[in-house]
Amino acid sequence: MKTQILMSLILAGSMVAVSAQAEEQNQNANTSTVKVSDVQKSEEKKEDIDQEITNARMRSELGSKSQWSFKSSLGYNGGSLQKPFDSIRPNYRASATIESLTALSGNVGVNYRVSKGGNLSFGTGVVIMAPLEGDITKDFQDPRASRKGADVKRTQVSTPYMDYSHGYRAMDMQMISSVTYSHYTEEDQTDYYNLMGNLSVSQTVLADFGDSKWQGGLSLSLDKDIAKGSFNVPGDLRYDYGVGLFPFAEYAFNDDYSFRTVFGYFQFAKYEDSGDLIQMEPYQSVGVGISVTRDIYVYPNVQFTPKDVRADRTNVAVSANLNLF
C-alpha cells in the first residue's frame, strides 16, 4: 500500500514538472528577453549625431558631444603671400594700398549640449593685434605708414554672445541651422555708432556628389545691427544689415585631410539712409581642411579676390574650431 502511494506521488510530481516545463516553453515562445544594457547601447547609438553629420568641419562647428564643454572658433589673418609673417596685411577686398594689421580673432566660450543635435553656447569675442610682433602682453606702435607711431592696444576682449545651433540630416543632406545674438561693448560701436548689438541667423547645407569624394554646399547668412537710438554724423553711414550666400566645395583625400574652397562672391551690405544693397568685393579662399580630432578642425588657406589675383593682394590665413572636454 505504501509502495502504491509513493509511486502515485512520484507520478503526480512528474506530471506537474512536465506541465510546468511545457508552460515555460510556451511562454518563452511568445516572449523575448532583452538586456537593459542592450537597450541603452542601442539608444546611445541611435542618439549619436555623428551618424547624421559626417563632415569633419560641420561636426567641429556643432561642438563636443559632451554635456558641457569648452568651445572656440578662432581665425588668424596674416600677411600676404609675399610677406606671410609681416604685421601688416593688405586689405585685399578693397585695395592693396589700404593696409590693415594682422590679427588673431574669434570667439571663446562654453557649450551646453541641449539635445542630440542642439547646442547652446555662451562666450565672448577676443582679438590679439599683430600676434607675431614682439611681446603680445604689451601694446605697440602702429607700423602702418598712415598711422606711424600711434599706440595700438594689443588685446581686446569684447562683444559677449549667445548662440544656438542645431545639426541634422534632411533630404539626405547634412544641415546646421543657427541663431546668434552678439552684444556690443566697444566704445566705437556703443558710443559713436549708438548700437546695442547684432542678431544673425545662418543655414548651412552640404550634399554628396554621387559616389565621388566631392561634396558641395551653401552657407546662407543674414545679420542685422540693433540700434540704441539715432545716428547723425555728417559724412558717415551706419551699418544696418547684411546678407551673404557662400557656395563651397570639398574633396576628401582621406578621413583627416581634404581640399576646401569657399566662394564669397555674393555678399551684400545695407547702410542706413541708403536705399540700395551694396555688393562687397568678391573673395575666394583655397586651402586644406585638417581634422586633428573629431572636435578639432584646422583650415590653413589663402584668401584672394578673383578680380585681381596677385601675390601682394592676398592674405594667408588659418581658421580653427577647437572643442575641449
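In what follows, a residue is called buried when its relative accessible area is under 20%, exposed when the value is over 50%, and partly exposed in between, with a 1.4 Å probe and protein chains only. The structure is a predicted model, in which local features need pLDDT of at least 70 and side-chain atom pairs count only at pLDDT 80 or more, while totals for chains, interfaces and linings use all residues. Residues are numbered from 1 along each chain as its sequence is written, and side-chain values use heavy atoms, with hydrogens and water left out.

With 1% relative accessibility, Ala130 counts as buried. Its phi is near 45°, a positive value in a residue other than glycine. Ala130 is placed in the loop between strand E5 (118-129) and strand E6 (140-141); helices (H or I, at least four residues) and strands (E, at least two) are DSSP runs numbered from the N terminus. Asp172 also has a positive phi, of about 60°, although it is not a glycine. Asp172 is found in the loop between strand E8 (155-170) and strand E9 (173-183), and its relative accessible area of 61% makes it exposed.

Stepping back to the whole chain, the protein has four helices and 18 strands. Of its 325 residues, 35% count as buried. Among the contacts (heavy atoms within 4.5 Å) with a separation of 6 or more, 57% come from residues 24 or more positions apart.

Leaving aside residues up to four places away in sequence, Lys307 touches Glu281 and Pro282. The C-alpha atoms of Lys307 and Glu281 are separated by 8.7 Å, and the two residues are 26 residues apart along the chain.

The aromatic residues come next. Rings of Phe, Tyr and Trp (its six-membered ring) pair if their centres lie within 6.5 Å; planes under 30 degrees apart count as stacked, over 60 as edge-to-face and the rest as tilted. The structure holds ten aromatic pairs. One of them joins Tyr192 and Phe231 edge-to-face, at 5.7 Å centre to centre with 70° between the planes. This pair links distant parts of the chain, 39 residues apart: Tyr192 belongs to helix H4 (187-192), and Phe231 to the loop between strand E11 (214-227) and strand E12 (239-252). Tyr192 is partly exposed at 37% relative accessible area, whereas Phe231, at 9%, is buried. Phe263 and Tyr265 form another edge-to-face pair, 5.6 Å centre to centre and with 80° between the planes. Phe263 is partly exposed at 25% relative accessibility, and Tyr265 is partly exposed at 24%. Elsewhere, ring pairs connect Trp214, Tyr251, Phe253 and Phe259 into a cluster.

Rings can also have a charge set over them, which here requires NZ of Lys or CZ of Arg within 6 Å of the ring centre and within 35 degrees of the ring normal. Arg260 lies over the face of Phe248, at 4.8 Å from the ring centre. Arg260 also lies over the face of Tyr299, at 5.8 Å from the ring centre.

On a 1 Å grid over the protein atoms alone, a cavity is a set of points where a 1.4 Å probe fits but cannot get out, and a pocket is an open set with protein on both sides within 12 Å along at least five of seven lines; lining residues have an atom within 4 Å of a point. The second largest pocket has a volume of about 440 Å³. It is lined by 24 residues, of which Thr54, Gln215, Ala252, Asn254 and Asp255 are the closest to its centre. Helix H3 (56-62), E11, E12, strand E13 (257-264) and strand E16 (283-293) each supply at least two residues of this lining. A search of the whole structure finds one cavity of 30 Å³ or more. The largest cavity holds about 40 Å³ of space, where a volume is the space filled by probe spheres set on grid points joined across faces, edges and corners. Its lining consists of Ile49, Leu62, Gly63, Ser64, Lys65, Arg113, Lys116, Asn119 and Arg294.
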